[in-house]
Amino acid sequence: MEMTSDFSVNGKFDPSAPPPFRIADVRAAIPKHCWVKDPWRSLSYVLRDVIVVFGLAAIAIYFNSWLVWPFYWAAQGTMFWALFVLGHDCGHGSFSDLPWLNSLVGHLLHSSILVPYHGWRISHRTHHQNHGNVEKDESWVPVPEKVYKELDFTTRFMRFTVPFPLLAYPFYLWWRSPGKTGSHYDPNSDLFTPSERMDVIISTSCWTVMVALLAYLNIVVGPVPMLKIYGVPYMIFVMWLDFVTYLHHHGYDSKVPWYRGEEWNYLRGGLTTIDRDYGLFNDIHHDIGTHVVHHLFPQIPHYHLIEATKAAKPVLGMYYREPKKSGPFPFHLIGYLVRSMKQDHYVSDTGNVVFYKTDPQLYRFFGGKAD
């Protein structure tokens, strides 16, 4: 292959080439006010979402009609996801400059949707610190070929066939990803350092209290009403979380690189992330689809991400993947998800710059193929 510039191969842009700018250049392009965290503004989003959550539940319970329940499940599951994103901001410290407020709000929001706040916060920090690193990343990390071949057929099929991966998050919290060990609930897990164990104990205790509350309500109200009020929205929330987080790092028109060893650095890893347009859901889930700048600078509050991205794009140039515009509903993203699941199965065991490879035998029993 003939290199025609520092970041092209045979005249075609090479996304795996070291960028001709530094992360300091991107930072300098972002207006200073985009870094300012306003706790009152952050709390106003929490208030807005909580009001909507209880309002939706009240409406659904009042009408108690099968004409209403499906709409409630879709809307409430989306709002659970919005609550998660606000708790996610707390975990990054972009909610406020007050650690106690971040921890308090983060625990209330995440515990309410059965997420162990500190356990998740710590592993998510690992994800951001090692984004794009095959060996050290934490979220939707590629499976090396050797590990992939050791997986049984059922595990492979479930991991790469929609809709099963959209239900993965609760299992990930308990057991992590293939090739990794540990639990987000266990203070002695290798996910955590000894100094973080008390934080994990606190979060697991809060999670346990929420489980106990749900069990109590299940007895008082009944399992079917609780399934309709909480259970189905929770499953919709999990599907939103897996859908969005997967597409942050997969499924672009051309494959994105992953790195090992000396080829990886924080900037190159961050540039593997992908922005997405979710139509009318952009505001509802707090612009989490504006993801590249968020990954590079997770301290920026969500309400400044769009402005920060506009300012950074001239510096990022072709390393920024412009998201396809969505209609009111982001149906176009389903195609990206399905195609990526069919094609992105594992990466080579060797090489410091790698791309996903396809297992052509994965769907052979169903007469299918990787498109």
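1. Helices, by the convention used here, are DSSP runs of H or I with at least four residues, and strands are E runs of at least two, both numbered from the N terminus. N64 is found in the loop between helices α2 and α3. Its phi is near 45°, a positive value in a residue other than glycine. N64 counts as partly exposed because its relative accessibility is 48%; buried means under 20% relative accessible area, exposed over 50%, and partly exposed in between, with a 1.4 Å probe and protein chains only.

2. This is a predicted model, in which local features need pLDDT of at least 70 and side-chain atom pairs count only at pLDDT 80 or more, while totals for chains, interfaces and linings use all residues. Residues are numbered from 1 along each chain as its sequence is written, and side-chain values use heavy atoms, with hydrogens and water left out.

3. Most residues other than glycine have a negative phi, and most peptide bonds are trans. D287, which is not a glycine, has a positive phi of about 55°. This residue is placed in the loop between α12 (281-284) and α13 (292-296), and D287 counts as buried because its relative accessibility is 14%. The peptide bond from V162 to P163 is cis, with omega near 15°, and P163 is found in the loop between α7 (153-159) and α8.

4. How do helices α3 and α10 meet? The axes of α3 (residues 69-92) and α10 (residues 223-247) come within 7 Å and cross at roughly 55°. Axes are lines fitted to C-alpha atoms, for helices over the stretch in contact, with angles from 0 to 180 degrees between N-to-C directions. The two helices are therefore oblique to each other; angles under 35 degrees count as roughly parallel, over 145 as roughly antiparallel, 65 to 115 as roughly perpendicular, and the rest as oblique. The crossing of α3 past α10 is right-handed, that is, the near helix is turned clockwise from the far one by less than a right angle.

5. The residues of α3 that meet α10 include W69, Y72, W73, F80, W81 and F84, and those on the α10 side include K228, V232, P233, F237 and W240. Contact means heavy atoms within 4.5 Å. By class, this contact has 17 nonpolar, 3 polar and 1 charged residues. Ala, Val, Leu, Ile, Met, Phe, Trp, Tyr, Cys and Pro count as nonpolar, Asp, Glu, Lys and Arg as charged, and the others, Gly among them, as polar.

6. W73 lies in α3 and is buried, with a relative accessible area of 17%. Leaving aside neighbours within four places in sequence, W73 is in contact with W66, K228, V232, P233 and I236.

7. The largest nonpolar core has 49 residues, of which W81, F84, Y169, F237 and F243 touch the most other members. Such a core is a set of buried Ala, Val, Leu, Ile, Met, Phe, Trp, Tyr and Cys residues joined through side-chain atoms within 4.5 Å. Helix α10 gives the most to this core, with 11 residues. Beyond its neighbours within four places in sequence, F243 is in contact with L166, Y278, L333, I334 and L337. Another core, of 18 residues, lies apart, and A17, V26, I30 and C34 are among its members.

8. S203 lies in helix α9 and is buried, with a relative accessible area of 1%. Its contacts, leaving aside neighbours within four places in sequence, are with H107, P116, Y117, H118 and G119.
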